[in-house]
Amino acid sequence: MRAVVNKIIPFSAVDGPGNRTAVFLQGCNIDCKYCHNPETRGMCIHCGMCVEQCPVKALTMKDGKVSYNEEKCIHCDTCIHICNYDSSPKTMEMTPEEVFEKVKKQMPFIRGITVSGGECTLQPEFLEELFRLCKSVGLMTFIDTNGTNDFRKLDDLLGVTDGVMLDIKAYELEEHEVVTSASNELVLKNAEYLASIGKLYEVRTVVVPELFDAHDTVLKTTKLLKPYLAISDIGYKIIAYRPNGVRKQYAHYTVPNQEYLQGLEKIVREEGFEKVIIL
Amino acid sequence: MKDISMEKVNQVRNNMLETVKSPTLTHEQKVAAMANHADSLLNVLDLPEGLLELMEDTADGKCICDLNEGHAPLRPRYIVPDYEKFMREGSKFLQLDAPTDLQEALSYLLIFYKHVPSVTNYPVYLGQLDHLLEPFMKDVKEEDAKKLLRLFLIQIDRTVLDSFAHANIGPEATVAGRLLLEVEAELKQAVPNLTMKYEEGVTPDDFALQAIHTALKSAKPSFANHKMFESEHKTPYVIASCYNGLAYAGGAYTLSRLILGNIAKRAKDIKDFKENQLPYVMDIMARYMDERIKFMVEESGFFENNFLAKEGFIHRDRFTGMFGMVGLADCVNILLEKEGIKGRFGHDENANDLGVEIMELIKNFNDNHMNPYCEVSEGHFLMHAQVGISEDIDVTPGTRIPIGEEPEELIDHLMVCNRYHQYFPSGTGDIFPIDSTVNRNPDFILDIIKGAFRNKLRYLSFYEKDSDVIRISGYLVKRSEMNKLESGENVLQDTTALGLGAVKTGHVLERKVR
């Protein structure tokens, strides 16, 4: 069993509680306009376009496939910027065991791992196996997801998952479709389900004033989840849209100001949430 | 006492006049400098043959450095008084009874500090403040206690003019410890330096997290691996000065350092370094330290006449010598280059292995060198990774990876530190500026501390990358004060000038942010 891994960040301070190794799987099933790492969305089709453009010749074609030489790479990201398929030539096909080996290197400095993407739940068996390995050495396991896959059907995976960080990109269906070109019917069901079993660690909303009514989303989301605060202390992360890394055609949105974000924070706190973070 | 030349006398006189006229030194700094000039006219030690050649060379050739301790040591370099005894009994010499409440305790401590000498003329150890003050906390309202602690810490910052002055807290949580952290996070001062003795399972997470919060704001406390220090010292230990692990109610007579990069320059190859050059220099430095200690113990009269010794606040047999070294990275890189072998300290396994081999040689030498007055450390000196001084050019502190060459990933950096921290019971440490996002997840740092200490790292410091107070090498300085000094204004604390030197020559502001 293999998954395409975009990258592994050994120490991450921003992917869940404490110090964690963050694993980013390649491939996503929705299309958020503000996606900050669009190079994780698609699979490489080995067209070779990036090979020609690489300024240090870290990329070559071998047997019809793009080959990446990490030692030569200067991390200028030219390959990522020119890719027409929202992909990256630096991805690696790895087994759960291979990823686990890379994670283990950080022990005992980390308390766990977080798998993100792309959308990592598109490969639930891989996740389950990786988490099983991590659990065997006492590491906490977290999923970072867009919530478009039905968690009620992923009991085995949830059995080895300590927490889920779930994006609520917009509460109203029409707005969610504007932001992501996808429905959020399952997202909201997942939010409630995960909260009801005490595994919803955090929900997050990226605030883009032009795209949807963040006030409405934050208010409705907190009202939806409020009954479950008694089960576990659900966090709410309010993230300001930033143009860094966003695809050119979507890099023109307004960055919300602090005052607006603090207004959102106030709503969340008033509904009884204690862990609220503005990023 | 031996004669010195008129040429030397005149040189010192010129230096004295320069000090008198200095536009940037404060009065206290001038007085201290004048004393050092006077001391340089003395000549009382029997110096080992070959020492001067190794010590008085230019910066790029000098192999031994005695860190300006002076020619006739009139007091030990670092003194660690038994403040608990003072709290229990007061002091005859200072005409003070034991304090009976928090106000008296704080006031008496400030008086005591004034009378603790050191190489800097300021105390390098201010006590385990949480333990000292905790007995008085129950009789005072929290807000009143906080106000008193605030005034106490402000007075230290403005009168103990040197950020080597080091206080300790932990490993247990106390009311006093929590309040001290709270006040320091608000004051953001350079003095005192502060260490939290940390032990997983003993130090509660919320106390450690409060310390991390304070550290991100004010570059302190640093975190000491309590279990490790405790297992190595046969008496209770403290962290003093930069990060020096020393015996309680004792201290260190002297600290000299091997400048390993320059010793490597003398060597033909690795074999010559290991078999001839390093042993030659170590032998001379150890004998020089023996000589300094002998004078201090047998002739200076310090241990017979100073009230600290007379009243039992310090014990002569709890002092040791600190066998210091700097520039392991420089040394390894120079030797590999001489051999034409590829490899860089901090990055390549062969380079890191060579570093360990060199450390083993130094340890082995030290384990076999005996000094009759170092009873507290079984007759040996304690090894110390010295952090550098402002005059150092191209000298990497201790066993650190040079600034600008840090591994891309923090995990790789820590795994290098992991190989060297064990060698230094009298102190070593690594410093990490941290990105401001960590403010929202201080557990990130706590996890690193826990992992590091499980892995036998000894001592870690963190500060937020944009903090005004920053850790230079082991001591703390405010960027705003360095800016003042650079524009020619007087500044209060001695360490600001040291910091400015280190920023200019040591690239301290360019450390990799984690």
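Two residues are in contact if their C-beta atoms, placed from the backbone, lie within 7 Å. Helices (H or I, at least four residues) and strands (E, at least two) are DSSP runs, numbered from the N terminus. The model is predicted: local features need pLDDT of at least 70, side-chain atom pairs count only at pLDDT 80 or more, and totals for chains, interfaces and linings use all residues. Residues are numbered from 1 along each chain as its sequence is written, and chains are lettered from A and ligands numbered from 1 in the order in which they are written.

Q: At about what angle does helix 4 of chain A run to strand 7 of chain A?
A: Helix 4 (residues 124-136) of chain A lies across strand 1 (3-12), strand 6 and strand 7 of chain A. Axes are lines fitted to C-alpha atoms, for helices over the stretch in contact, and angles run from 0 to 180 degrees between N-to-C directions. For helix 4 and strand 7 of chain A the angle is about 155°.

Q: Which residue is the bridge partner of A:G112 in strand 7 of chain A?
A: Strands pair if DSSP finds at least two bridges between them. Strand 6 (residues 112-116) and strand 7 (residues 140-145) of chain A have 4 bridges, in the parallel sense. In strand 7 of chain A, the partner of A:G112 is A:M140.

Q: Which are the edge strands of the open sheet of 9 strands in chain A?
A: The order in this sheet is 5-1-2-6-7-8-9-10-11, with mixed pairing. An edge strand pairs on one side only, and here these are strand 5 (92-94) and strand 11 (276-278) of chain A.
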